[in-house]
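Here is a friendly walk through a few loops and helix pairs. Have the viewer open and follow along.

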Amino acid sequence: MITVVGMGRKSGDLTLDGKLAIENADVVVVKSARTHAAETVAAIRNDAVFCDDLYEQADDFDILNEAIIARLKSFGNKKVAFCVVGEGADDTTVQLLDNANVVAGVGLHSAVVSGGLLPATVVYTAQDLLGVSRVLPLPTVVKCIDDKYIASEVQLRLLAAFDRDTEVVFCCKNTVKKFPLSDLLKQRFDYQATLYVKPKQLAERQVFDYYDCVDVMTFLCSENGCPWDRAQTHKSIIKNVIEEAYELADALEKEDVDHVVEELGDLLMQVVFHLEIARSDGEFEPDAVYTALCRKLIDRHPHVFGEVVVNNADESLSVWDSQKLKEHKIKGTAENVLDVSRGMSALMRSQKVQSRASKGGYEFSDVAQVVDKVKEELDELLSASEESRQMEGGDLLFACVNLLRLTGVDAETALLNSTEKFVNRVVECERILANNGENLKELPLERFDEIWNEAKRNVG
């Protein structure tokens, strides 16, 4: 039988029940002779077994914990007192023990947290913190920061959730001090070193995560928030999603990193906004969206999460398309083209419809046929009546999109780039005209050509 004895944060913290457990045990095992626990146990009995040799042999903490547990169990049915620093139950090895009794001691956090832990406080050992997938901006205790190397890793993880100037309460041995999180590496460390950090008020912070975005949007849509935000519906902000998506695409195209960060945030805001509207109206909870997304990603990647084998990116895309058809229960080309969203821009929808139709056999045999089709549609537009001109113009655009698609060009991107190029040239022409004191409307055609060509040379 194993009894865990919490030895507190310093000599003298041992409780009476803990002392009795040590006295009555057949075997006393101390996790490390380098801690005050060894000194305290030595004052009671001199036959303790230590685990420092296991520390030296282990390559990582998982192997170490397994080795310590194996040593504890090697004593069979004897009464074993396992002495660890701190409270006891929060020790990483103890958490892996089955059916052990715990005689609690004073927690290491007692030096840095006065009046007990706040609700939602997260308590880690330094090693535990380094293993978690994300650190949340919650009241946080980190114990057993053994050395400066571990401290640097702890600091990096905490800086993902807390501002650099967030106040930290820190204790090492008998010294307790307060300082900004950024000053952590200036301290001394040992097995007892513990820190406590609380997030600032939301409006005062500079570092945020996704959950903070949700909290801010929830507040804005609440009774004490913004009247405009509170009045919005899914339909009233439809255009915002489209606008933000295009602004992000523009920033990505320009490779403007700062602008990309801003526009990604603006697009994310639209997602969070719709989630909050849905939640407050009782339509669905945000978890429904996260679940649908993750399920889709897993189901459409059987070559990653299943047994399907692919050899390249094209085969991966084919698997995605095949899985999508199954999910949407699409049978045949007609259902596949009808499934293309009408919310896309005209160029994007045209190209998507053509692409799906081509997989069902609706395709020209070569590019030359498409070129002939473009010429045919151009002739029809030029000879069309006023009533049919719009339809013929659409046919011409459709044929052009088809030509671009078959030559590997994305029509939407191509037109966006060409439009931007034209805008830049017009701006440059206006600059040249202003510098020369010339008026475009008064220039002969030859002079305009000279200025236009100069603008092309200057801006591309």
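Let us begin with Ala120, which is exposed at a relative accessible area of 53%; exposed means over 50%, buried under 20% and partly exposed in between (1.4 Å probe, protein chains only). This is a predicted model, in which local features need pLDDT of at least 70 and side-chain atom pairs count only at pLDDT 80 or more, while totals for chains, interfaces and linings use all residues. Residues are numbered from 1 along each chain as its sequence is written, and side-chain values use heavy atoms, leaving out hydrogens and water.

**Loop residues**

Ala120 sits in the loop between β5 and β6. Helices (H or I, at least four residues) and strands (E, at least two) are DSSP runs, numbered from the N terminus. The phi of Ala120 is near 75°, a positive value in a residue other than glycine.

Thr121 lies in the loop between β5 (101-103) and β6 (122-125). With 18% relative accessibility, Thr121 counts as buried. Its side chain reaches the backbone oxygen of Leu118 at 2.6 Å. Leaving aside residues up to four places away in sequence, Thr121 touches Pro139, Thr140, Val141 and Tyr196, where contact means heavy atoms within 4.5 Å.

Another positive phi, about 55°, belongs to Lys173, which is not a glycine either. Lys173 is found in the loop between β8 (167-172) and β9 (175-180), and at 52% relative accessibility it counts as exposed.

Val207 is in the loop between β10 (194-197) and α7 (210-220). At 23% relative accessibility, Val207 is classed as partly exposed. Beyond residues up to four places away in sequence, Val207 touches Leu159, Ala160, Ala161, Phe162, Asp163 and Asp212. From Val207 to Ser341 there are 134 residues in sequence and 37 Å in space, C-alpha to C-alpha.

**Helix pairs**

The table sets out two helix pairs. Axes are lines fitted to C-alpha atoms, for helices over the stretch in contact, and angles run from 0 to 180 degrees between N-to-C directions.

| Helix pair | Axes come within | Crossing angle |
|---|---|---|
| α16 (residues 367-382) and α17 (residues 389-406) | 9 Å | roughly 160° |
| α15 (residues 346-359) and α18 (residues 411-436) | 8 Å | roughly 150° |

How are α16 and α17 oriented to each other? They are roughly antiparallel; angles over 145 degrees count as roughly antiparallel, under 35 as roughly parallel, 65 to 115 as roughly perpendicular and the rest as oblique. The contact draws on residues of α16 including Val370, Val374 and Leu381, and on residues of α17 including Leu396, Ala399 and Leu403. By class, the contact of α16 with α17 has 11 nonpolar, two polar and six charged residues. Here Ala, Val, Leu, Ile, Met, Phe, Trp, Tyr, Cys and Pro count as nonpolar, Asp, Glu, Lys and Arg as charged, and the others, Gly among them, as polar.

Ala399 counts as buried, at 6% relative accessibility. Not counting residues up to four places away in sequence, Ala399 touches Val370, Lys373, Val374 and Glu377. Ala399 and Leu415 are 16 residues apart along the chain, with their C-alpha atoms separated by 15 Å.

Turning to the other pair, α15 and α18 are also roughly antiparallel to each other. Leu347, Met348 and Gln351 of α15 make the contact with Ala411, Glu412 and Leu415 of α18. Sorted by class, that contact has four nonpolar, one polar and one charged residues.

Terms used
A polar contact is a pair of N or O atoms within 3.5 Å; within protein, one must be able to donate a hydrogen and the other to accept it, and residues adjacent in sequence count only if both atoms are side-chain atoms.
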